[in-house]
Amino acid sequence: PYSGLLHVSDIYVYSSARVPIVYVPNQKVASTTFQQKLEGLGFRRMRSITLPTTLRVFTWAFVRNPLSKLEAGIQQAQFLNRSFENYSADDMLSWQLQLPLGLWVDQHLRPNSWRLTASHRPSNSAYSTGSFITCTPGDAPDCILASRGQEPLQFNFIGKIESFCEDLKALDLILNQTAGVNFDLQSLCHTVRNSRQSWSSQADVSTRQNTGSLSNSSIILACASVHYRAEWHVLNYTLPAPCIEYICSGATWPVALSRTFAPAAGC
């Protein structure tokens, strides 16, 4: 444990306010757009910082539909790394699911919840296997809970890219009231909406582009995997249709996942 200190990595910090403001970038969730805007406002990018847990800090981030984010991450990895060009999205996911938690085929395949939790917990090992929220308390033993003795980063605001404009408006208001600043983040609304057309709150399989898209069987594997299965429940997203159909078919499924998702799936 850090004895009252909280370690945070790769963030943007604005200290010239009543309350220090911390933005945690989340890849494939408008992070580049946010970074460019915030650097112009005087935010400093910090690779690493340790804060007293007693210090009042306003921390915020944005998340994205888990399936949409995963597929966008696969496409980005394939674009940046030529060695991935001959692999399908299903191949990339299969490769990822064979790796232990904390090791990633490419950083863009990290789920929302890893970026917002485990990536901020320093570890003496190459990867942190005990600091990923994959279920809610009470679901043990068929899940992994944070167990490294360190508190996860506490967020004051988590917006969704699917409700980007509305959430930016709310964030601007909260930052003004809490920290006395006016960043006009709402100005990013139309820029992001016009440049990205693939954000869907349901991530409907029938409307996704073929390039980088996962097959139904791979989507089911993602829903059931320890790497990604917490995403939909923890972040309050609707499960993809293939996963709902599979759960309701009565097929074998992890106990904790069935208990968590079956009611929501309407089974």
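Is Cys189 buried or exposed, going by its relative accessible area? Cys189 is buried, at a relative accessible area of 6%; here buried means under 20% relative accessible area, exposed over 50% and partly exposed in between, with a 1.4 Å probe and protein chains only.

A word on the ground rules. This is a predicted model, in which local features need pLDDT of at least 70 and side-chain atom pairs count only at pLDDT 80 or more, while totals for chains, interfaces and linings use all residues. Residues are numbered from 1 along each chain as its sequence is written, and side-chain values use heavy atoms, with hydrogens and water left out.

**The disulfides**

A disulfide is a covalent bond between the sulfur atoms of two cysteines. The search of the whole structure turned up two of them, counting cysteine sulfur atoms within 2.5 Å as a pair.

| Pair | S to S | Torsion about the S-S bond |
|---|---|---|
| Cys165 and Cys189 | 1.6 Å | about 65° |
| Cys223 and Cys243 | 2.0 Å | about 85° |

With a torsion of about 65°, the Cys165 and Cys189 disulfide is right-handed. This pair links distant parts of the chain, 24 residues apart: Cys165 lies in helix H5 (residues 164-179) and Cys189 in helix H6 (residues 189-195). Helices (H or I, at least four residues) and strands (E, at least two) are DSSP runs, numbered from the N terminus.

The Cys223 and Cys243 disulfide is right-handed too, with its torsion of about 85°. Cys223 is buried at 1% relative accessibility, and Cys243 is buried at 0%.

**Where H7 meets H9**

Cys223 sits in helix H7 and Cys243 in helix H9, 20 residues apart. H7 (residues 216-224) and H9 (residues 241-248) pack at about 75°, with axes 8 Å apart; axes are lines fitted to C-alpha atoms, for helices over the stretch in contact, and angles run from 0 to 180 degrees between N-to-C directions. That makes the two helices roughly perpendicular, the term for 65 to 115 degrees.

In this packing, Asn216, Ile219, Ile220 and Cys223 of H7 meet Pro242, Cys243 and Tyr246 of H9, contact being heavy atoms within 4.5 Å.

**The cores**

A nonpolar core is a set of buried Ala, Val, Leu, Ile, Met, Phe, Trp, Tyr and Cys residues joined through side-chain atoms within 4.5 Å. The largest has 34 residues, and Leu70 and Trp232 are among those with the most contacts inside it. H7 and H9 are among the elements that give two or more residues to this core. A second, separate core of 27 residues includes Cys165 and Phe164.

Definitions and conventions:
Angles under 35 degrees count as roughly parallel, over 145 as roughly antiparallel, 65 to 115 as roughly perpendicular and the rest as oblique.
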